[in-house]
Structure formats: structure tokens, C-alpha cells
Amino acid sequence: MPTTGRFRWEGDAALAELARRYLTAHAPVTLEDFAAWSGLPITWARRAWKMLAESGVITEYGALTTLAGRVKEPPPSSDTPDVLMLPAYDNYLIGYRTREASVPIVHKARVRPGGGLIRPTVIADGLAIATWSRGSGSRSIQVDAFEGRCRVG
């Protein structure tokens, strides 16, 4: 029901809309990812998934779920890796029950050392390869590569 130009969601409609918006921002994901991110009981998450599936909003992509029509072929591979320096708590590193697909288990504690901390991370072709921090100079960055250390700047 519209109120001041916005929709007011209630009950199951609100639950389904939350799940749809989560999928828009995070897919492909699992049902468990949504439950962990939202803090909702798994039974509520299942109900939201079921409502979206019945209305044709979502589709299964292997073991993952995405919005219908959003599955794309991966871009052609390149000899040059796609490298990103993500800030702490970047959306790529949160919002999922686990991030095993992007942070190797052996390096998980370096990216997520505990206490809710998620460090700034260097990603190459979707996989975490290092953490980073500002060095003592304003133009200095300290990179703690998972296979060694290097200094940039």
C-alpha cells in the first residue's frame, strides 16, 4: 500500500521483498547465506525462498540461487588478473554464511581474525590473495600477501 511515495511492506510480502533485495545485492547465494545475513530463522528464510520461487522471481544456478534472468556467462579469461583492493567490511566479504569461494580456508583468519573484524583485502580474479593497510606515510600502503609481504608506494 503506497504511503508518501513509498511502499509499506507487511508480513510475508515484507519477508519476500527483503529476500528479493538481498538477492539483488548479493546473488548468487544460498538460502543459508540469506538466513545468516538477515538473522532470520531458517524457516522464515525458506518461506521467503518458496514465495520467490513460486512467483518465478528466482532460479537455481547449480547449488546457488539468483534472480531469474540474471545468470550471465563469465567474461573471457585474460592473461592480466582483475585485482581489487577492497576496504574493510566490503560487501564482497560480508553478507554470506561463508566466503570459502573467495577466501581460501587456510587464509580465513587473516581476513576475518575474529571479534567481528574484517580486514581490507586484496582480491585477484575473485580470490583473496592479501590484506592491506595504510603505511606510516599518507601515500604508503602495506600489503600482507598470503605468500609473503610487499610494500607499495
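Helices (H or I, at least four residues) and strands (E, at least two) are DSSP runs, numbered from the N terminus. On that basis, the chain reads β-β-α-α-α-β-β-β-α-β-β-β-β from the N terminus on, which comes to four helices and nine strands. The model is a predicted one, where local features need pLDDT of at least 70 and side-chain atom pairs count only at pLDDT 80 or more, while totals for chains, interfaces and linings use all residues. Residues are numbered from 1 along each chain as its sequence is written, and side-chain values use heavy atoms, with hydrogens and water left out.

Of the 153 residues in the chain, 29% are buried (under 20% relative accessible area; exposed is over 50%, and partly exposed is in between, with a 1.4 Å probe and protein chains only).

Turning to the rings, the whole structure holds four aromatic pairs (Phe, Tyr and Trp rings, the six-membered one for Trp, with centres within 6.5 Å; planes under 30 degrees apart are stacked, over 60 edge-to-face, the rest tilted). One of them is the tilted pair of Tyr22 and Trp37, at 4.8 Å centre to centre and 35 degrees between the planes. Tyr22 sits in helix 1 (residues 11-26) and Trp37 in helix 2 (residues 31-38), so this pair ties together parts 15 residues apart in sequence. Tyr22 is buried at 1% relative accessibility, whereas Trp37 is partly exposed at 38%.

Phe34 and Trp49 make a stacked pair, 5.4 Å centre to centre with 25 degrees between the planes. Here Phe34 of helix 2 is linked with Trp49 of helix 3 (residues 42-54), 15 residues apart, and both residues are buried. Ring pairs join Tyr22, Phe34, Trp37 and Trp49 into a cluster.
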